[in-house]
Amino acid sequence: MQISVRNLFKSYGKTPALRGIDLTVEDGELFFLLGPSGCGKTTLLRTIGGFEMPTSGEILLDGKPAGKTPPAERDTAMVFQGYALWPHYTVRQNVEFGLEMKKIPAEERRRRVDEVLKELQIAEYADRKPNQLSGGQQQRVALARTLVVHPGCLLLDEPLANLDAKLRRDMRLEIRRLCKENHLTAIYVTHDRAEALSMADRLAIFRDGQIEQVGAPKEVYRRPRTPFVANFIGETNLVKGTVTAVEANGTAVITTPLGVLRSSALSEGIALNANVTISMRPEAFRIIGNGCDAENTVTATVKNIDYLGEVAEHLAEAADGSTLKFFELNPLGNIQQGESIRLAISPDDVVCMI
């Protein structure tokens, strides 16, 4: 199922929740809505599902206007954050409920329920009640209940929020596998960037009821278009500067409080004399020796070291007094607090934004 949202607005009284959303999710795509709490992503999901009516704008499901079509008639299925399982029903009864509402014959219901319970590896729990299951098992039941009705689109509202870290990682793989094997269009709401980056085909970053950027995970992470996106999708160092030259190959020369930096990763509209913000990821910095010649070097004093095993997170103070964060993979403990070091970063990792 292809889903198109056109100039969608939604307000609660005088409070705007969605402000002119334009978005297309392609058939079979696993699409993420990512943003902080209260940014409008769940409102959009519920509006697509028919649980909320838009103030204005249009939603098209496979090219057909959804209008005021009720949720049960939209060929979409919702997976809620709290699972919403019937506590007095068994697993089988919970999964079968949607088929009963669609008046599917009993024999066909049994066949489809058996298939989905086996696929999600919960057949052995068919006769248990939800309170006899772990969080991960309950999540699988919630997924089975939506998959069994063969929806055109799966709508997931932070479905892994109640699980522990290891189980969340396992379920990420499971949900992506199920969506791809069943060629399901899925729209997934989360504020967890690791979920979005590891699972999504594409994602939209939301802020205050609007979309800041849409793209594939690698594109959004490596080429954020705004400082908000750069800071939300991952840790970064944001520095103000002015473009003082643009070279023939398109590389910008930027004067900053850290010194002159060169960037070959420019957002649209960057021109000579523009005031810009540059984003530099902590993992993009490398430590170099005093005699080493490199582009984009900064000298700084290490102020704090957080040793995390596979990585050490360093905070350093540059000559202008600003703070830089940089990561050291497989740290050997050679860097000491108070030490003066030289850092270098490739122009391709200096992302220049207006």
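Tutor: Before we look at anything, one working rule: two strands count as paired if DSSP finds at least two bridges between them. Keep in mind, too, that this is a predicted model.

Student: Okay, which residue of β5 stands opposite Leu60?

Tutor: Pro65 is the residue in β5 across from Leu60. The strands involved are β4 (residues 56-61) and β5, which pair in the antiparallel sense over two bridges.

Student: What is the strand order in the open sheet of four strands?

Tutor: The general idea is that strands of a sheet pair through backbone hydrogen bonds, either parallel or antiparallel. In this open sheet of four strands the order reads β2-β1-β4-β5, and the pairing is antiparallel. The edge positions go to β2 and β5 (64-65); each has a single partner strand, so one side of each is left without a neighbour in the sheet. Helix α1 (residues 41-49) packs on this sheet, touching β1, β2 and β4, and its direction makes about 115 degrees with that of β1.

Student: How many bridges join β1 to β2?

Tutor: Eight bridges hold β1 (residues 3-12) to β2 (residues 15-25), and the two run antiparallel. The connection is a hairpin with two residues between the strands, and Gly13 in the turn has a positive phi of about 65 degrees.

Student: Now the other open sheet. What is the order of its five strands?

Tutor: Read across, it goes β16-β20-β17-β18-β19, with antiparallel pairing. At the edges stand β16 (286-288) and β19 (323-329), each with a single partner strand, so one side of each lacks a neighbour in the sheet. From one strand to the next, the twist averages 50 degrees. If you want a pair to zoom in on, take β17 (residues 297-307) and β18 (residues 311-318), which pair antiparallel over seven bridges. There, Asp306 has Glu313 in β18 as its bridge partner.

Student: Let's do helices. At what angle do the axes of α2 and α3 cross?

Tutor: The axes come within 10 Å and cross at roughly 130 degrees. That makes α2 oblique to α3. The crossing of α2 past α3 is right-handed. On the α2 side, the contact is made by Val91, Arg92, Val95, Glu96, Leu99 and Glu100, and on the α3 side by Arg109, Arg110, Arg112, Val113, Asp114, Val116 and Leu117.

Student: Which residues of α2 are buried?

Tutor: They are Val91, Asn94, Val95, Glu96, Gly98 and Leu99. Those buried residues pack against α3 and α4. Just after α2 ends, look at Lys103, which takes a positive phi of about 60 degrees.

Student: Glu96 has come up in that helix contact. Which residue forms a salt bridge with Glu96?

Tutor: The general idea is that side chains of opposite charge can pair when their charged atoms come close. Here, Arg109 is the partner of Glu96, with the closest N and O atoms 2.9 Å apart. Arg109 lies in helix α3 (residues 106-119) and Glu96 in helix α2 (residues 91-101), so the pair ties together parts 13 residues apart in sequence. And both Arg109 and Glu96 are buried.

Student: How many salt bridges are there by this rule?

Tutor: The count comes to 24, taking a Lys or Arg side-chain nitrogen within 4 Å of an Asp or Glu carboxyl oxygen. One of them joins Glu174 to Arg140, where the closest N and O atoms are 3.7 Å apart. That pair links distant parts of the chain: Glu174 sits in helix α5 (residues 165-181) and Arg140 in helix α4 (residues 135-147), 34 residues apart. Glu174 is buried, with a relative accessible area of 11%, and Arg140 is buried as well, at 17%. There is also a network, in which salt bridges that share partners join Glu108, Arg111, Arg112 and Glu115.

Student: And Arg46, which forms a salt bridge with Glu52: is Arg46 buried or partly exposed?

Tutor: Arg46 is partly exposed, with a relative accessible area of 25%. Glu52, on the other hand, is buried at 18%, because the cut-off for buried is under 20%. Their closest N and O atoms are 3.5 Å apart.

Terms used: Residues numbered from 1 in each chain as written. Predicted model: local features only at pLDDT ≥ 70, side-chain atom pairs only at ≥ 80, totals over all residues. Heavy atoms only, no water. Axes fitted to C-alpha atoms, helices over the stretch in contact; angles between N-to-C directions. Buried < 20%, exposed > 50% of the residue type's maximum accessible area, 1.4 Å probe, protein only. Parallel < 35°, antiparallel > 145°, perpendicular 65-115°, else oblique. Left-handed = near helix turned anticlockwise from the far one by under 90°. Contact = heavy atoms within 4.5 Å.
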